[in-house]
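Reader: Please show me the model. Then I will ask what stands behind each term.

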Protein chains: 2
Amino acid sequence: MNPLDATRALMDGLGSEANVCMKCGSRSIGLCAPLDVAALDDMSGESERHALEPRDAIFHQGDPARHIYTLTEGTARLTRVLPDGRQAVIGFRFAGDILGFTPDKEHAVGAEMLTKGTVCRLDRRRLEHLFRRYPVLERRFLDLCVKELAASQDHILALGRFSAEERVAGFIISLVEAQERRGRVGPVFDLPATRADIGEFLGLTLETVSRAISAFRKRGWIRLHGHSGIEITDRPALMGLGSGEGVHAA
Amino acid sequence: MNPLDATRALMDGLGSEANVCMKCGSRSIGLCAPLDVAALDDMSGESERHALEPRDAIFHQGDPARHIYTLTEGTARLTRVLPDGRQAVIGFRFAGDILGFTPDKEHAVGAEMLTKGTVCRLDRRRLEHLFRRYPVLERRFLDLCVKELAASQDHILALGRFSAEERVAGFIISLVEAQERRGRVGPVFDLPATRADIGEFLGLTLETVSRAISAFRKRGWIRLHGHSGIEITDRPALMGLGSGEGVHAA
DNA sequence: GTTTGTTCTTGATCTACCTCAATCCGCGGG
DNA sequence: CCCGCGGATTGAGGTAGATCAAGAACAAAC
């Protein structure tokens with residue numbers, strides 16, 4: 001069921017390699033950022049890397065929450081399904097983000113890859129040991145957690161008070177900023193998700209998302225390159241709309 | 001401006017009293033829950049208690065975030081205002097909850113009391129020292145943070161996918177559960193907030209909240225006692241609606 | 001008990017977004 | 001090159017909830 005099980009045999013060798021962590025592209029932004037070389041070496045032995053394809057699940061909603069994951073490459077989607085089948089996208093995650101920490105015994109959300117990528121898997125108990133050995137790691141974890149909480153509050157604000165266009169504009173801006181924080185430059189970037197995914201994230205339908213994007217295009221705020229490529233041509237306009245400046249926007 | 005400043009003189013004596021923490025009603029549910037007597041004694045010297053009246057601000061959006069607060073008695077509201085004046089209620093907080101932690105230098109949200117109550121104020125830097133002295137405290141803080149993150153995701157789900165009645169039902173249920181976790185029993189409990197506050201929390205107008213509550217009353221799911229008193233007479237019905245069972249609800 | 005102000009309720013209308021439906025685009029395979 | 005299919009776009013009409021407006025219930029002060 002879980003594709004990680006299927007790929008385990010293939011990847012097991014990698015996990016024990018001495019200095020995988022040293023080569024990790026997310027070393028400078030993820031959980032491990034504050035660790036020194038010795039600690040990273042230690043960490044290599046505790047973690048397993050897994051390569052994943054688009055649409056692969058990292059974990060399912062309801063799975064026992066035995067591991068914590070770091071997304072080291074690629075983009076993932078956090079989803080939650082309701083008893084009656086409705087689905088919501090809780091968030092998107094990028095290289096360096098942590099996935100799967102929960103106070104409960106089971107995952108309340110599911111996580112699936114949107115692109116190819118890799119995750120780094122850590123046993124929850126071993127992480128607790130690591131916390132004891134490297135207090136700076138626990139501090140880092142707490143920081144990331146508080147940051148995520150702040151981001152959640154932004155999203156709550158957007159869902160509760162923003163119009164459709166404001167939400168889409170804010171989403172595009174936050175994506176660009178997330179990419180820039182990870183070193184991506186250049187005017188055109190890729191939407192990692194379909195209109196349907198974006199809609200489920202923003203509490204809108206895919207048609208409404210599409211209409212908002214079309215409106216931005218017609219106003220000359222963005223240019224589209226294929227379905228997923230977006231070039232921002234009027235960033236201030238987009239930012240103004242997406243951050244709640246309301247009708248006073250320039 | 002900040003009412004804490006105004007009441008400081010009045011309360012300063014209290015803060016230095018040796019064993020305030022021992023008498024603290026929130027000792028068993030708040031941040032300090034895992035601390036032993038010696039640590040609590042230590043903590044007493046680091047924290048200041050403040051009594052607050054309804055509508056008093058604990059801190060304002062934009063204030064420098066120099067302190068962390070524990071709400072020891074009463075109910076508070078977290079709000080956020082947008083550049084154009086729109087306001088959203090990000091959440092409600094009860095005895096034992098922590099307020100005001102943020103990764104930034106300024107508070108991104110404001111916090112105001114809805115009832116009379118008391119808060120316990122801790123300097124952020126001193127808290128870091130305490131973390132070093134009592135690692136169990138940092139662990140506790142992390143736990144509370146992760147729990148809050150899970151609650152935020154629930155709220156995101158509700159705002160994005162729930163109908164007005166579902167949101168109001170879910171809100172009432174979550175309130176009751178929060179009260180019960182704090183020892184409150186009995187069939188009738190008080191809504192801590194006005195219809196307007198509830199609406200701003202749920203992304204609805206006060207009229208829509210009122211209509212939902214009226215609908216529940218007409219269905220015999222609740223009885224009202226004055227404006228804020230609610231007695232739940234059909235809890236399964238409310239829970240079914242409020243947890244996303246959709247049209248299949250019994 | 002009356003007054004006064006606040007909060008809540010209920011009704012009528014309006015609108016942003018949803019829903020349903022048709023067409024279009026872009027990309028990979030034959 | 002053309003086909004086929006999963007997305008994306010665009011249009012037309014419906015609806016949940018917003019908005020505007022009038023009263024009613026409640027609470028606190030006198």
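This is a predicted model: local features need pLDDT of at least 70, side-chain atom pairs count only at pLDDT 80 or more; totals for chains, interfaces and linings use all residues.

Author: Residues are numbered from 1 along each chain as its sequence is written, chains are lettered from A and ligands numbered from 1 in the order in which they are written, and side-chain values use heavy atoms, with hydrogens and water left out.

Reader: What rotation and shift superpose chain A on chain B?

Author: The rotation is 180°, with 0.0 Å of shift along its axis and an RMSD of 0.0 Å. That is the relation of a two-fold axis.

Reader: What makes it the same surface in both copies?

Author: Of the contact residues of chain A, 100% recur in chain B. Contact means heavy atoms within 4.5 Å.

Reader: Which residues are closest to DNA strand D?

Author: Arg195(A), Ser210(A), Ser214(A), Ala164(B) and Thr208(B) are the closest of 21 surrounding residues. A residue is near a strand if one of its heavy atoms lies within 4 Å of it.

Reader: What makes the approach of Ser210(A) to a phosphate oxygen of DNA strand D a polar contact?

Author: A polar contact is a pair of N or O atoms within 3.5 Å; within protein, one must be able to donate a hydrogen and the other to accept it, and residues adjacent in sequence count only if both atoms are side-chain atoms. A polar side-chain atom of Ser210(A) lies 2.8 Å from that phosphate oxygen, so the pair qualifies. The side chain of Arg211(A) has an N or O atom 2.9 Å from a base nitrogen of DNA strand D.

Reader: What does Arg211(A) approach on DNA strand C?

Author: An N or O atom of the Arg211(A) side chain is 2.9 Å from a base oxygen of DNA strand C. On chain B, the side chain of Arg55(B) has an N or O atom 3.4 Å from a phosphate oxygen of DNA strand C.

Reader: Where does UniProt place the "HTH crp-type" domain?

Author: The unreviewed UniProt entry places that domain at residues 162-236 of chain A. The span is 55% helix and 15% strand. UniProt positions follow the numbering used here, feature names are shortened, and annotations may be inferred rather than shown by experiment.

Notes: Copies are superposed by least squares on the C-alpha atoms of residues with pLDDT of at least 70 in both. Helices (H or I, at least four residues) and strands (E, at least two) are DSSP runs, numbered from the N terminus.
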